[in-house]
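I opened the notebook to look up a few things in one structure. My notes follow in the order I made them.

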Amino acid sequence: MLDRMPPVVGRIDSEGKLTEADQRLEELNRRAGGAIGEPLAVPELARLVRLAMRLGIALSRQVVVGEDEAELELWASVEPADGGVTLELGGWTEIRDWSSVAAATRDADFAAMAGDWHWETDASLHITRLTAGAGKPEGFQPEAMLGHPLTDLFRLSDDPEHGFPILAAVTSGEEFAGQRAEIRANGRAVYLSAVTRTDGSGRFSGLVGAAELVEDADKKAAQSSEGAAFPVDFGRRLDKALRDPLSRIIANADSIHAQTEGPLRDDYASYAADIASAGRHLLGLVSDLEDLQLVEREDFEISPEAIDLADIARRAAGLLGVRASQGDVRIDRLSERETMPATGEFRRALQVLVNLIGNAVRYSPKGGTVWLRLEREGDMACVIVADQGKGIAPENHERIFGKFERLDPGETEGSGLGLYISRQLARAMGGDITVDSAPGEGARFILMLPARD
Amino acid sequence: MNSLMSGRDVDMHGGAAKGANRLLASVAALTARARGREMAALRTVLRGDSAWLDDRRRWAVGMALRATVVAVEEEIRAVAVPQLLSIGEETLAERVETLPTVADRVISEDSESNRRVAAEVVAVTRLRLLGSAIPPQAPEHHDQPSLLARLAERDHMMVTPAAMALLKAEADADNGDGSGPVILPEPIRGPLVWRVAAAIRLAIRSSGKMEADALDLALCDGARRSIDNHSEDIDAEEAAMRLAATLEAAGESLVEMIDQSLADRRISLFTALLAWALRVEFSAIRDLIFDDMGNGLWVAMRAADLPRDMIARAAFLLSEAGSRHDIEALADTLDTLMEIAPDDARAALAHLTLDSEYRHALRALAPKWVGW
């Protein structure tokens, strides 16, 4: 929150001495060991003053100064005048743990998620950026509006309850959402939302916002009130919000672990490996949650295509090759010549087999083998994934396919969603997954999909 | 020109001091330093060993490079797959369609061509990130639109479309974090397209000669189409150069525009205006912006006859954005710089008016050449 008090002013002469100062500046200077009539004692301010005098222009900059035990963030403006300079300080803020800059970026990210189209304006509310996302409605030509006032693009509606949220935002510097408006070009109703951009001194310098068609927004609201497990675009939002930061964490941790910048102490390198692994784990959870909300939707559909289960099984085994050898487990692959034509969605079938084979690898003993076999059963094409693990008792055969189920409470890997999602996917493709197992006898998971002749 | 370049005490136009000579001479090794950065760029992207690239920038460059290559790949596939389907090669079409991306394989190859791609992506990304880091300046009056908005709204036959084209190109290019794909210049893009097509070919196993021939043809068509489609491309840099030319033709003061463009955080426009004023290529000025060891950028601004306060303002904003120029050093040399006549400054930069491909080729053949 910015300090709304009037700016604090002082004067410095051509020799760098503080000749006049408002009380707050005088105090700040005194605590730094200076006094009126002597050189400005706050180092960051003195540096800015000297630079401005040599460059001969007005300068402004955000400055951090220490005061007692706190740190203050100030906006400092210096302007040459009469041989010396005037110094103006504003926006006094005490620095807390997380920086205000990061908060602004995060706000902009949330605003971006609020709609499909993104727009930006300068301080005079002229459009400087306009990107139409998916599903651009007819008659809407974003390019033609660039440079024009925002009100040329949208007719803003006066909301009897809330007035003009956008006006409030511009004057107070706060964000707004739910401003109703109409696209002038085709009369479609939209909701607008935005965060404000300010310069360092807190002056308004533009809006970063999004627009969402009212009919889409209302549809989403209706769907979420129908009791679905997650709001309809949860997956997409999650993806945007989590994937990028996680990818960055993993990439950085990987490069630390690989010691690309030079040698590291061994334990630091292995911490980095832990970080990368935890990052990957989280990314896996994000994927699982996304898939979960997708398969739960009433309108979830698979686009069926001609696939070869043998090819997909070979690919899945290939993807897991490294993980298998790390656990000293062998995957006994199918021969190149085998085929098993079926109907399903390539990507989803691959996902299911990676899940099944991955489980088999995880539960295999060291030195063990995972077998893959193909079989035709009536009008179903089957892939059997067999492992030599500890096996699953018959009373648990249905439980393991439940949501968030874990047979082993100590098991930390995975989200407990893999088999649930896999079975939902298999069923959506017209097939199923079954298990045949008993304690001490390993397990055989069978993916069945409609066969194709 | 040789005497200016010798770097020794030479009396120019009534006694510019040693300091001025030194400033002018520092421009000399610019191209060599640029090549050095180019060589480092590929290492940078692959193994991350550049001082400039902190984690965030390295991530942005990596993403931008990948996005650039993936974009090429998508275009080739978008032509090859329908073509294969139309001749009945369904299995082959499906293999091309479902093949995982070859981008990583293409990027990891250590070659001159790849180095140039990486260098260009690094340069474009770096400029974008620099621009977005310029501190926002609120205008004196709220109802005064920003520079580009003003130009776009103006209803001038030539300026308005050029300004809107730049606004659009910048909007398209920029995800806000510098990680979007980069439009590569023609001499650099062509070789990349062929390498991507070859990588796709090598990743697919075909059974029999007929299949192999069909695949080769489809991929070649895809590659050729991708090259042709992009020869008309206008990226932000190109749009900025066109706007600069249009503004001069419309009688605007380029000097005024240069000052306002940085305040409006339009670094591409700033670069283009300066480049156009000096009749050099956009990449030449871009190189100067990144030449933080040299004073070339200040000499260039002097050559464009910018007054003292504008040079100071531009230097300050760029330094605040993180350009790594030593602002204190500039503050010290500013008076000396202003003693240089614009014509002398121009003469010192004369080699930048030569084609960048020519300069690049000279450096590639003779890295230690002491010319310029």
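Entry 1. The model is predicted. I began with A:Lys17, which has 27% relative accessibility and therefore counts as partly exposed. I noted the cut-offs I needed for this step: buried is under 20%, exposed is over 50%, and partly exposed lies in between.

Entry 2. I looked for the partner of A:Lys17. A:Lys17 forms a salt bridge with A:Glu15, and their closest N and O atoms are 2.9 Å apart. A:Glu15 has 59% relative accessibility, so I wrote it down as exposed.

Entry 3. I picked another salt bridge, between A:Glu398 and A:Arg423, where the closest N and O atoms are 3.1 Å apart. A:Glu398 lies in the loop between β16 (380-387) and α12 (418-428) of chain A, while A:Arg423 is in helix α12 of chain A, so the pair ties together parts that are 25 residues apart in sequence. A:Arg423 counts as buried because its value is 7%.

Entry 4. I also looked up A:Asp432 and A:Arg427, whose side chains meet in a salt bridge at 3.2 Å, N to O. A:Asp432 is at 18% relative accessibility and so counts as buried. A:Arg427 is at 43% and so counts as partly exposed. Through shared partners, salt bridges join A:Glu398, A:Arg423, A:Arg427 and A:Asp432 into one network.

Entry 5. Next I turned to helix α5 (residues 165-172) of chain A and asked which of its residues are buried. I found A:Pro165, A:Ile166, A:Ala169 and A:Val170 buried there. They cover an arc of only 135° around the axis, which means that they sit on the same side of α5(A). On the other side of α5(A), I found A:Leu167 and A:Thr171 exposed. I then listed what covers the buried residues of α5(A), including β9 (176-183), β10 (189-198) and β11 (204-213) of chain A.

Entry 6. Last, I looked at the surface. A:Ile256, A:Leu264, A:Tyr268 and A:Tyr271 form a nonpolar patch there, with about 380 Å² of accessible area together. I placed A:Ile256 in helix α7 (residues 234-257) of chain A. A:Ile256 counts as partly exposed because its relative accessibility is 41%.

Terms used
Residues are numbered from 1 along each chain as its sequence is written. Chains are lettered from A and ligands numbered from 1 in the order in which they are written. This is a predicted model: local features need pLDDT of at least 70, side-chain atom pairs count only at pLDDT 80 or more; totals for chains, interfaces and linings use all residues. Side-chain values use heavy atoms; hydrogens and water are left out. Patches are made of residues with over 30% relative accessible area and no salt bridge: like charges are joined within 9 Å, nonpolar side chains (Val, Leu, Ile, Met, Phe, Trp, Tyr) within 5 Å. Accessible areas come from the Shrake-Rupley method with a 1.4 Å probe; for residues, only the protein chains shown count as cover. A salt bridge is a side-chain nitrogen of Lys or Arg within 4 Å of a carboxyl oxygen of Asp or Glu. Helices (H or I, at least four residues) and strands (E, at least two) are DSSP runs, numbered from the N terminus. Buried means under 20% relative accessible area, exposed over 50%, partly exposed in between (1.4 Å probe, protein chains only). The arc is that of the directions from the helix axis to the C-beta atoms. Contact means heavy atoms within 4.5 Å.
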